[in-house]
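Hi everyone, thanks for coming.

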Amino acid sequence: MQVDTLITNIGELLTMDKAGPVKGADMNDLPVDENMAVALKDGKVAWIGKALDADNITAEKVVDAKGRLVTPGLVEAHTHLVFGGSREGEMALKQQGVPYLEILKQGGGILSTVEATRKASEAELLEKALFHLDRMASYGITTVEAKSGYGLNKDTELKQLRVVKEANNRHALDLVSTFLGAHAIPEEHKDDPDAFLDEMADLFDEIKEENLAEFVDIFTETGVFTVEQSRKFLQKAKDKGFDVKIHADEIDPLGGTQLAVEMGAISGDHLAVATDEGIRQLSKSDTIGVILPGTSFYLGKETYARAREMIDTGAAIAISTDFNPGSSVTENLQFIMTLAALKLNMSPAEIWHAVTVNAAHAIGRGETAGHIRKGGNADIVIWDAPNHMYIPYHYGVNHANTVIKNGVVLYERQEIGS
Ligand code: IZC
Ligand code: ZN
């Protein structure tokens with residue numbers, strides 16, 4: 001067989017090639033293949049087998065994995081990728097103990113990013129988004145969900161969504177777009193949130209026609225949108241043919257988790273303070289819990305989502321960065337894997353499901369991302385790690401050695417020194 005690339009001498013190979021989403025106890029069942037090789041041709045996986053059986057494969061390029069770990073490219077299921085400005089000034093407020101929702105109430109937080117995003121040109125936003133995508137790629141991420149939500153008016157929300165579309169065209173990574181027009185109540189609608197939601201819902205047709213987003217999301221939270229408002233808004237989105245997501249039970253337990261289940265949402269995200277009843281319903285449902293422990297960490301919370309309980313009672317869990325300029329400022333999904341180990345008590349096997357197959361299903365990419373499968377996309381990472389347990393264990397640094405997207409090397413760690 002003639003191929004483009006043969007990656008051989010793989011110590012541990014995680015193919016993650018399972019019918020997903022993977023739920024409950026199955027998340028702890030991680031097939032690990034040893035002494036493997038993978039052949040790539042025309043951007044696809046052409047062959048997977050034992051390294052010893054790769055003799056009859058001729059490759060233009062042979063990559064020696066040197067006994068290291070090889071996995072699918074990571075899938076990042078929850079980011080606020082496109083934004084103007086940054087919010088480093090809020091760090092001092094946080095140190096003084098001003099809560100996240102109080103900063104928002106005072107017109108800061110999300111609303112300060114809204115101001116910066118409204119001012120920024122499409123070109124500026126695109127350049128910033130491409131920069132962050134480069135960094136995500138360097139950390140081993142090959143598919144990224146990206147939300148709007150810093151426009152909060154028609155023009156700027158559409159501007160953000162167009163930037164996601166253009167970034168998807170320009171950048172090697174695959175983007176999946178979510179309309180989060182209902183992310184906060186803008187100053188000019190402070191007293192009439194329902195009229196604001198109507199304005200955002202008015203965009204559904206245009207977004208659909210121009211294929212600007214697949215999902216519609218809402219921030220169901222104290223001082224933002226109630227469960228009732230969220231239900232009505234998301235029902236309108238569903239009626240227009242969108243799949244829905246919810247920022248649910250992030251700070252106050254309003255019951256967003258139950259609403260996500262009730263609406264048949266593809267995912268309920270955050271779930272940091274989900275109630276017993278929320279967890280019970282989630283575990284019986286097909287809604288994927290996208291847990292964002294980086295946000296709990298960055299907001300200085302003592303309590304993290306009860307992922308252990310969710311998995312133990314049968315839920316499918318993904319984990320993601322929540323990359324955004326306020327409450328989780330990192331592109332490093334590997335660090336989030338460490339938090340999942342230490343703060344969510346997830347096993348390495350569960351964590352790998354949560355950043356590959358389940359994350360892919362949480363953004364409607366279960367068939368094309370999050371696995372290494374013959375005939376599938378050649379989205380592959382070679383790690384500077386001897387095994388899959390090593391990534392959550394050695395924290396805060398980048399372990400990606402080589403990141404391949406559709407068969408093309410996007411990132412290679414540079415050796416420094418002689
Ligand atoms: O900009 O603070 N939770 N939205 C809801 C966020 C966090 C992002 C932000
Ligand atoms: Zn978010």
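Let me begin with what I mean by a pocket: on a 1 Å grid over the protein atoms alone, a pocket is an open set of points with protein on both sides within 12 Å along at least five of seven lines, whereas a cavity is a set of points where a 1.4 Å probe fits but cannot get out; lining residues have an atom within 4 Å of a point. Grid points are joined across faces, edges and corners, and a volume is the space filled by probe spheres set on the points.

Two words on the source. This is a predicted model, so local features need pLDDT of at least 70 and side-chain atom pairs count only at pLDDT 80 or more, while totals for chains, interfaces and linings use all residues. Residues are numbered from 1 along each chain as its sequence is written, chains are lettered from A and ligands numbered from 1 in the order in which they are written, and side-chain values use heavy atoms, with hydrogens and water left out.

Now, the open space. The largest pocket holds about 280 Å³. Its lining includes Leu 101, Leu 104 and Lys 105, along with Ala 184, Ile 185, Pro 186 and Glu 187. Which helix gives the largest share of that lining? Helix α2, residues 100-105, with 3 residues; helices (H or I, at least four residues) and strands (E, at least two) are DSSP runs, numbered from the N terminus. By class, the pocket lining has 7 nonpolar, 2 polar and 3 charged residues. Here Ala, Val, Leu, Ile, Met, Phe, Trp, Tyr, Cys and Pro count as nonpolar, Asp, Glu, Lys and Arg as charged, and the others, Gly among them, as polar.

The largest cavity is about 70 Å³ in volume, and among its 14 lining residues, His 80, Tyr 100, His 183, Asn 324 and Ser 327 are the closest to its centre. Its lining divides into 4 nonpolar, 7 polar and 3 charged residues. The second largest cavity, at about 40 Å³, is lined by Glu 90, Lys 94, Tyr 100, Ile 103, Leu 299 and Gly 326. Both α1 (90-95) and α2 supply at least two residues of that lining.

Let's move to the packing. In helix α6, residues 193-201, we find Pro 193, Phe 196, Leu 197, Met 200 and Ala 201 buried; buried means under 20% relative accessible area, exposed over 50%, and partly exposed in between, with a 1.4 Å probe and protein chains only. Why do these residues sit on the same side of α6? Because they cover an arc of only 140 degrees around the axis, the arc being that of the directions from the helix axis to the C-beta atoms. Their cover includes α5 (154-170), β8 (174-182), α7 (204-209), β9 (215-220) and α8 (227-239).

Helix α3, residues 110-119, has Ile 110, Leu 111, Thr 113, Val 114 and Thr 117 buried. These residues are on the same side of α3 because their arc is only 155 degrees around the axis. They pack against α2, α4, α5 and β9.

The largest nonpolar core has 101 residues, and Phe 179, Phe 233, Ile 319, Met 346 and Trp 352 have the most contacts inside it. Such a core is a set of buried Ala, Val, Leu, Ile, Met, Phe, Trp, Tyr and Cys residues joined through side-chain atoms within 4.5 Å. Leaving out residues up to four places away in sequence, Phe 233 touches Phe 179, Leu 197, Met 200 and Ala 201, among others; contact means heavy atoms within 4.5 Å.

Ser 230 lies in helix α8 and counts as buried, at 0% relative accessibility.

Finally, please look at the loop between β1 (2-13) and β2 (33-41), where Asp 17 has its place. Asp 17 is partly exposed, at 39% relative accessibility. Asp 17 and Ala 369 are 352 residues apart in sequence, yet 10.0 Å apart in space, C-alpha to C-alpha. Met 16 is found in that loop too, with a positive phi near 55 degrees. Pro 21 also lies there, and a cis peptide bond joins Gly 20 and Pro 21, with omega about -10 degrees.
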